[in-house]
Amino acid sequence: MRIKPLQDRVLIEPAKAEEKTAGGIIIPDSAKEKPLKGTVKAVGNGTADEPMVVKAGDVVLYGKYAGTELELDGEKFLMMKQSDILAIVEQ
């Protein structure tokens with residue numbers, strides 16, 4: 001798979017939803033929350049008004065309803081504008 005987002009868009013692979021709670025209780029699929037963290041897989045070139053700050057490999061936090069869900073080669077991704085990203089997680 002080779003995708004190049006345009007302008008200020010970013011392709012993100014969401015983190016996997018938690019399978020168990022800290023106490024060891026298994027969470028059913030219907031009760032799992034949508035993850036709000038993911039890894040940047042590809043970025044566009046930015047725009048004249050907004051240069052790209054994130055880069056491929058960054059772990060980021062984003063809003064609950066941010067982005068458009070895509071399924072490519074059986075994997076789920078989110079495509080969103082860079083402005084929908086709330087923070088970069090420092091490793």
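Buried means under 20% relative accessible area, exposed over 50%, and partly exposed in between, with a 1.4 Å probe and protein chains only. Lys76 counts as exposed because its relative accessibility is 60%.

This is a predicted model: local features need pLDDT of at least 70, side-chain atom pairs count only at pLDDT 80 or more, and totals for chains, interfaces and linings use all residues. Residues are numbered from 1 along each chain as its sequence is written, and side-chain values use heavy atoms, without hydrogens and water.

**The sheet**

Six strands form an open sheet in the order S4-S5-S1-S2-S3-S6, with antiparallel pairing. Strands are DSSP runs (E, at least two residues), numbered from the N terminus; two of them pair if DSSP finds at least two bridges between them. S4 and S6 are the edge strands, and each pairs on one side only. S4 and S5 pair in the antiparallel sense over five bridges. Leu70 stands opposite Phe77 in S5.

| Strand | Residues |
|---|---|
| S4 | 68-72 |
| S6 | 85-89 |
| S5 | 75-81 |
| S1 | 9-14 |
| S2 | 37-43 |
| S3 | 59-62 |

**Around Lys76**

Lys76 lies in strand S5. Leaving aside neighbours within four places in sequence, Lys76 is in contact (heavy atoms within 4.5 Å) with Glu13, Pro14, Leu70 and Glu71. Pro14 is 62 residues from Lys76 in sequence, but their C-alpha atoms are 7.6 Å apart.

**Around Val40**

Not counting residues up to four places away in sequence, Val40 touches Val10, Leu11, Ile12, Lys55, Ala56, Gly57, Asp58 and Val60.

Technical notes: Helix = DSSP H or I, 4+ residues; strand = E, 2+ residues; numbered from the N terminus.
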